[in-house]
Amino acid sequence: MKILSIQSAVAHGYVGNSAAVFPLQRIGVEVLPVNTVNFSNHTGYGAWRGSLIAPEDVHDVILGIEERGVLPQIDVVLSGYQGGTGIGDVIVDAVQRVKAANPTAIYACDPVMGNAKSGCFVAPEIPHLLRDRVVPVADIITPNQFELGFLTGTEPTTLDSTLASVDLARAMGPGTVLVTSVERPDREPGTVEMLAVDAEGAWIVQTPHLPFKANGSGDVTAALFSAHYRSTGDAAAALERTASSVFDLIELTYQSGERELRLVQAQDFYAHPRMQFSARRVR
């Protein structure tokens, strides 16, 4: 499998391509990383250096890949955090080029906007760009519960309301939706859930909730789920494998006391997930 991953990159720490590429490689996926920013570190520190990469330069890199005759081999286009408005058009154009070269390719979009605790942390125009321009051309989207609410103009909280919001999101275009950070009021205390929905049904997986927010864990989640789903076509299996790997990554990071993901130290959890969580069918 080959994935064209159009995301941010940092020198220190793990977000965007810096988080997604290595776990994908450890499960046997070839990755073509195209970077949209080149920062010293992720913006969660409040200070960083580096620059956004101009959309025309990102487009040029993709054009160069196309000129090498690689696009027919691309199985998945993956995108995450979008630092500026122009990059959305570049991504949509890349998806169209890849699908023209390989009609079986899919586009997986992680519509990064923010979360329930901190609200939106992207430029004000980005959420509307994602909702109106990017998400409708995606085959898979991986929003958290907060982002799902923005995309659909709803406030998902319970399982039923979250499923209803997913149905609205799927009506926008994406056939498959993975909702992360699902925190419904009636869940077991000390847990957090992920919900995967496609044309075959809906499944939820529950894991212990660690009192720790690791930047980049969502990028790893989106990458692994997209790859597992593309290779198996089975949402429940992809959900279980992803939940297993990501939980062990976050737990290892939490136990280390470090701020940045222990991405390299957790590598065996990607290649050989423990499969300690079972997905429950909810529809």
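Is valine 77 buried or exposed? Valine 77 has a relative accessibility of 1%, under the 20% cut-off, so this residue counts as buried. Please keep in mind that the model is predicted.

**Valine 77 and its surroundings**

- You will find valine 77 in strand S4, which covers residues 76-79.
- Leaving out residues up to four places away in sequence, valine 77 touches Leu4, Ile6, Val95, Val98, Ile106, Tyr107 and Ala108.
- Between valine 77 and leucine 32 there are 45 residues of separation in sequence, and 9.6 Å in space from C-alpha to C-alpha.

**The nonpolar cores**

- As general background, nonpolar side chains in soluble globular proteins tend to be buried together.
- The largest nonpolar core here has 42 residues, and the members that touch the most others are Leu4, Ile6, Ile74, Val77, Tyr107, Ile141 and Leu195.
- Helix H3 gives this core its largest share, with 7 residues.
- Apart from this core lies another one, of 40 residues, and Val76, Ile106, Ala214 and Ala236 are among them.
- Isoleucine 74 is in contact with Lys2, Leu4, Leu32, Val98, Asn102 and Ala105, once neighbours within four places in sequence are set aside.

**Helix H2**

- Helix H2 runs over residues 55-67, and at 1.5 Å a residue its 13 residues should span 18 Å; the C-alpha atoms at its ends are 18 Å apart, so the two values agree.
- Which residues of H2 are buried? They are Val58, Ile62, Gly64 and Ile65.
- Looking down the axis of H2, these buried residues fall within an arc of 155 degrees, so they line one face of the helix.
- That buried set packs against strand S1 (2-10), strand S2 (30-39) and helix H3 (86-101).
- Glu56 and Glu67 are exposed, and they sit on the face of H2 turned away from its buried side.

- Asparagine 144 is placed in the loop between strand S8 (140-141) and helix H5 (145-152).
- Its relative accessible area is 11%, under the 20% cut-off, so asparagine 144 is buried.
- A polar atom of the asparagine 144 side chain lies 3.1 Å from the backbone nitrogen of phenylalanine 146.
- The side chain of asparagine 144 also reaches the backbone nitrogen of glutamate 147, at 2.7 Å.

**Aromatic pairs**

- The structure has 4 aromatic pairs.
- In one of them, the rings of phenylalanine 212 and tyrosine 254 have centres 5.9 Å apart and planes at 50 degrees, so the pair is tilted.
- Phenylalanine 212 is in the loop between strand S11 (201-208) and helix H7 (217-232), while tyrosine 254 is in helix H8 (residues 235-256), so the pair ties together parts that are 42 residues apart in sequence.
- Phenylalanine 212 is partly exposed, at 25% relative accessible area, and tyrosine 254 is partly exposed too, at 37%.
- Phenylalanine 225 and tyrosine 229 make a stacked aromatic pair, with 5.8 Å from centre to centre and 15 degrees between the planes.
- Both phenylalanine 225 and tyrosine 229 lie in helix H7, 4 residues apart, which is about one turn of the helix.
- Phenylalanine 225 and tyrosine 229 are both buried.

Key. Residues are numbered from 1 along each chain as its sequence is written. This is a predicted model: local features need pLDDT of at least 70, side-chain atom pairs count only at pLDDT 80 or more; totals for chains, interfaces and linings use all residues. Side-chain values use heavy atoms; hydrogens and water are left out. Helices (H or I, at least four residues) and strands (E, at least two) are DSSP runs, numbered from the N terminus. The expected span of a helix is 1.5 Å times one less than its number of residues. Buried means under 20% relative accessible area, exposed over 50%, partly exposed in between (1.4 Å probe, protein chains only). The arc is that of the directions from the helix axis to the C-beta atoms. Contact means heavy atoms within 4.5 Å. A nonpolar core is a set of buried Ala, Val, Leu, Ile, Met, Phe, Trp, Tyr and Cys residues joined through side-chain atoms within 4.5 Å. A polar contact is a pair of N or O atoms within 3.5 Å; within protein, one must be able to donate a hydrogen and the other to accept it, and residues adjacent in sequence count only if both atoms are side-chain atoms. Rings of Phe, Tyr and Trp (its six-membered ring) pair if their centres lie within 6.5 Å; planes under 30 degrees apart count as stacked, over 60 as edge-to-face and the rest as tilted.
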